[in-house]
Amino acid sequence: ALESFHCLGTMVARKIVSFLKPTFKVIVVDCDDTLWDGVVGEIGAENVRVDKPYLQFQQFLLSKYESGFLLAMCSKNNEADVFEVFKKNKGMLLKLEHFSAWRINWNAKSSNIKSMASELNLGLNSFIYWDDSAMECAEVMENCAEVFTIRFPKYGKDIKQYIYHNWVFDQFRITDEDRNRNEMVKQENQRSQVMASIGTMESF
């Protein structure tokens with residue numbers, strides 16, 4: 001009975017916190033040893049592993065995508081190598097089309113996150129960032145203090161506990177606007193591309 005009361009109290013507290021806290025809209029993830037196990041640049045796209053902990057994380061990210069969060073990638077990598085994982089690795093649950101933005105290069109992670117915030121027209125305080133590297137997390141925390149930064153557990157250990165007991169992901173309610181957010185961003189990106197192409201044609 002005491003355990004049930006404790007669980008009920010926790011649930012009520014989480015609802016109150018989710019109502020009062022700022023609304024996060026974007027989850028940014030690193031790739032190597034975060035989305036998958038292994039370094040793609042060293043072992044190749046088909047050899048990185050999406051075993052249970054990483055699959056659980058991808059399932060969690062997909063559920064958040066479906067509830068209205070935007071997903072983004074920020075990785076120090078060769079872009080072509082990362083894209084090959086999405087194209088060739090059969091273990092991947094997430095697809096490239098699930099991501100609204102990405103910066104895959106050798107620039108500082110904080111600079112890349114600021115660039116994506118500008119692209120998505122959202123404040124840094126609406127961003128959550130996951131990375132397995134303590135150094136990269138520290139760099140983002142120092143230069144993007146508004147971003148809620150989480151270190152991914154080593155080797156994916158205890159990831160289920162990390163993700164389902166972290167209150168930052170709680171949503172008080174999921175609105176139609178939340179559910180449609182990803183589609184609206186895609187449409188806006190398409191409009192921007194069309195306008196850019198028109199401008200290029202006019203310049204020509």
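How many helices and strands make up the secondary structure of the protein chain?

## Model and overall fold

The protein chain contains eight helices and five strands, where helices (H or I, at least four residues) and strands (E, at least two) are DSSP runs numbered from the N terminus. Along the sequence these elements follow the pattern α-β-α-α-β-α-β-α-β-α-β-α-α.

This is a predicted model, in which local features need pLDDT of at least 70 and side-chain atom pairs count only at pLDDT 80 or more, whereas totals for chains, interfaces and linings use all residues. Residues are numbered from 1 along each chain as its sequence is written, and side-chain values use heavy atoms, with hydrogens and water left out.

## Burial, surface and contacts

Of the 204 residues of the protein chain, 44% are classed as buried. Buried means under 20% relative accessible area, exposed means over 50%, and partly exposed lies in between (1.4 Å probe, protein chains only).

## Nonpolar cores

A nonpolar core is a set of buried Ala, Val, Leu, Ile, Met, Phe, Trp, Tyr and Cys residues joined through side-chain atoms within 4.5 Å. In soluble globular proteins, nonpolar side chains tend to be buried together. The largest nonpolar core here has 32 residues, and Leu 35, Trp 36 and Trp 130 touch the most other members. Two or more residues of this core come from each of S1, helix H3 (52-66), strand S2 (70-76), H4, S3, S4 and helix H7 (159-164). H3 gives the largest share, six residues.

Beyond its neighbours within four places in sequence, Trp 36 is in contact with Cys 31, Val 48, Arg 49, Val 50, Tyr 54, Val 82, Val 85, Phe 86 and Met 92. A second, separate core has 16 residues, among them Val 26, Met 116, Tyr 129 and Val 147.

## Salt bridges

The structure holds six salt bridges, a salt bridge being a side-chain nitrogen of Lys or Arg within 4 Å of a carboxyl oxygen of Asp or Glu. One of them joins the side chains of Asp 30 and Lys 109, at 3.5 Å from N to O. Asp 30 lies in the loop between strand S1 (26-29) and helix H2 (40-43), and Lys 109 lies in helix H5 (residues 109-120), so the pair ties together parts that are 79 residues apart in sequence. Both Asp 30 and Lys 109 are buried.

Another salt bridge links Glu 84 to Lys 88, with the closest N and O atoms 2.9 Å apart. Both residues lie in helix H4 (residues 79-88), four residues apart, about one turn of the helix. Glu 84 is partly exposed at a relative accessible area of 25%, and Lys 88 is partly exposed at 39%. The side chains of Arg 103 and Glu 119 also form a salt bridge, at 2.7 Å from N to O. Arg 103 lies in strand S3 (residues 99-105) and Glu 119 in helix H5, so this pair ties together parts that are 16 residues apart in sequence. Arg 103 is buried, with 17% relative accessibility, whereas Glu 119 is partly exposed, with 37%. Salt bridges that share partners join Asp 30, Lys 109 and Asp 131 into one network.

## Backbone and cysteines

Which residues other than glycine have a positive phi value? Asp 33 has a phi near 65 degrees and lies in the loop between S1 and H2; Asp 33 is partly exposed at 24% relative accessibility. Asn 121 has a phi near 60 degrees and lies in the loop between H5 and strand S4 (127-131); Asn 121 is exposed at 68% relative accessibility.

A disulfide is a covalent bond between the sulfur atoms of two cysteines. With a disulfide taken as a pair of cysteine sulfur atoms within 2.5 Å, the structure holds zero disulfides. Cys 74 is in no disulfide, and the nearest cysteine sulfur, that of Cys 31, is 8.8 Å away. Cys 74 is buried at 0% relative accessibility, and Cys 137 is buried with a relative accessible area of 5%.

Technical notes
Contact means heavy atoms within 4.5 Å.
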